[in-house]
Amino acid sequence: MLTKEEVLHVAHLARIEVTDEEIEKYQKDLKILLDEVDKIRSIEDFDDDKMFSPTDNQYDLKRESVIVDKEQILSNVPKKMGNFVEVPVMINE
Amino acid sequence: MSKYLSLSLQEIHELLKNKKITPKDLVMECFDNIEKSNLNAFINVYKDYALSEASKLEELEVDDDLLFGIPIAIKDNIMVKDMKCTCASKMLDNFVSIYDAGCIDEIKRHHMIIVGKTNMDEFAMGSTSETSYYGAPHNPWNYDKVSGGSSGGSAVAVSSGIIPLALGSDTGGSVRQPSSFTGIVGMKPTYGRVSRYGLVAFASSLDQVGVMSRNVYENALLLKAISKEDKRDLTSFETNDDITCLINKPLTNFKVAIPKYFISDIVDKEIRDKILEIKTMLETNHVTVDFVDIKYIDKTAILYQIIAMGEASSNLARFDGIKYGYSYLNPKDLEDLYKKTRRYGFGSEVKRRIMVGSYLLSGENAKIYYNKALQIRDDLSKEFQKVFDNYNLIIGPTTARCAYNLNTNLDDPLKSFMDDILVMHANMGGFPSLSMPVGFNSEHLPIGLQIIGNRMDEKTIYQLASFIEKEIKDDFSEVRNGI
């Protein structure tokens with residue numbers, strides 16, 4: 001079992017609110033998953049090479065620009081004011 | 001009722017070319033199938049759009065492309081302009097795509113007709129499609145059984161005969177495992193063969209768009225159509241090879257490896273026996289089949305969990321309630337908006353994985369877990385490469401058991417990872433891998449054979465698959481008439 005504080009810490013990292021009831025469930029569930037991934041510590045590795053991506057093609061970092069219409073972008077925004085995306089106030093008066 | 005869609009693509013093409021039928025007839029039949037089906041394969045369908053596209057095609061001359069005018073279903077995590085893209089999540093219930101994915105550009109260029117978006121596990125996280133916000137699809141072979149996942153809706157749509165072709169996505173088996181559970185052919189291509197532009201990211205270094213079909217040849221045709229380098233996906237590459245060129249060609253000097261782990265007692269006996277039957281059949285046809293040991297093969301689930309959950313936690317950080325998707329009303333402040341939006345917008349499997357992923361990537365943990373996983377991933381990939389130095393292909397079962405009852409162990413956090421225990425290796429190394437039906441278990445549920453090839457070598461996979469398809473006497477089309 002994870003402690004309540006550990007669950008709250010992980011939930012904060014993930015920016016997910018959890019209820020008291022959920023905390024109890026996560027104490028068990030996250031423990032099962034974390035115990036599983038912890039087994040990696042005991043696997044002996046062959047060398048220090050890492051595989052970040054399966055492709056070994058040389059990336060062309062000159063990206064083709066993608067131009068999207070402002071109106072289209074705004075069409076999926078939950079809250080907007082005119083042509084702007086509305087966010088909650090972050091600075092106190 | 002007409003049954004043009006149950007014909008082969010070659011037969012449909014002849015009818016279109018000779019003007020015996022029009023694309024509109026195919027679309028009408030497809031929607032007739034959708035309306036009669038109770039399998040919950042689709043999340044949203046677009047009849048008016050499909051009919052209008054079919055009308056446009058009537059003004060064009062039917063070319064030699066067998067895909068011309070063929071209806072297709074698209075997994076709901078692939079962007080199709082002006083259609084919803086929900087990822088089976090409340091978070092994106094109202095999200096409408098404003099552009100086409102790279103693979104959709106190719107689908108449209110081939111004049112295929114998109115009829116709708118298919119059901120799936122939420123954000124592709126799961127192995128039964130039961131984590132969908134819209135309820136689970138049902139397996140056409142048995143209504144009470146799972147379809148597999150995460151591309152469960154696409155698998156059900158093809159296997160039940162609603163439509164001949166569908167696109168899915170495969171991060172750790174999500175095309176091949178549901179294909180195996182529903183008795184169809186599913187291919188996860190080499191990482192980079194198909195553009196990921198417009199595929200909603202789950203674990204970027206593992207994700208790949210895959211193709212699902214009723215038979216091997218049609219599978220290869222569809223994959224060939226969507227294979228293309230895309231400047232908008234820096235990991236995609238140019239492919240000029242004809243992946244259909246070895247279909248039905250003889251297997252000369254052919255060598256196949258079966259990893260011992262793939263027929264160990266983690267796999268149901270009925271499935272093991274079926275794979276051994278295939279082995280015998282191949283040997284009778286002068287194919288060399290050897291059992292091999294592959295180091296790290298039994299450790300892949302651990303690597304997968306670390307890499308997939310880590311990358312998912314980063315990719316899904318974009319769902320913040322501000323730019324698009326669900327947004328919690330009246331938050332106290334910005335932090336509250338993030339936390340409540342994600343609490344109410346995501347389902348439990350997704351939240352669990354994001355939480356573990358965030359933990360695995362935080363501070364020093366990234367070194368202990370993620371970096372170590374990338375190291376072992378490299379080692380595992382080299383081990384597979386060694387096998388490909390001596391053998392054309394690797395074969396084994398796609399799944400350790402056949403489709404099981406809906407609502408089984410829904411609460412088990414490890415369930416979906418264990419369901420994919422035989423199919424994750426191909427994602428780790430970026431190898432192409434196909435699942436095809438090769439028989440039934442005692443409950444008359446399909447058994448899938450997996451064929452893994454070296455990178456870029458889809459054509460040899462299709463060569464062996466087309467050979468086995470001809471040898472298999474079972475009929476996997478019987479549920480297609482049940483609509």
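I started with burial in chain A: 16% of its 93 residues count as buried. Buried means that 20 or more other C-beta atoms, placed from the backbone, lie within 10 Å of a residue's own.

I noted the ground rules next. This is a predicted model, in which local features need pLDDT of at least 70, side-chain atom pairs count only at pLDDT 80 or more, and totals for chains, interfaces and linings use all residues. Residues are numbered from 1 along each chain as its sequence is written, while chains are lettered from A and ligands numbered from 1 in the order in which they are written.

I then read the fold of chain A. It has three helices and two strands, in the order α-α-α-β-β. Helices (H or I, at least four residues) and strands (E, at least two) are DSSP runs, numbered from the N terminus.

I looked up the interface. Chain B puts 55 residues in contact with 43 of chain A; contact means C-beta atoms, placed from the backbone, within 7 Å. On the chain B side, α9 (300-315), α10 (334-345), α11 (348-361) and α12 (365-390) each give two or more residues. α12(B) gives the most, with 11.

Beyond its neighbours within four places in sequence, Ile306(B) contacts Val37(A), Ile40(A), Leu360(B), Tyr369(B), Tyr370(B) and Ala373(B).

Technical notes: Contact = placed C-beta atoms within 7 Å. Buried ≥ 20, exposed ≤ 12 C-beta atoms within 10 Å, placed from the backbone.
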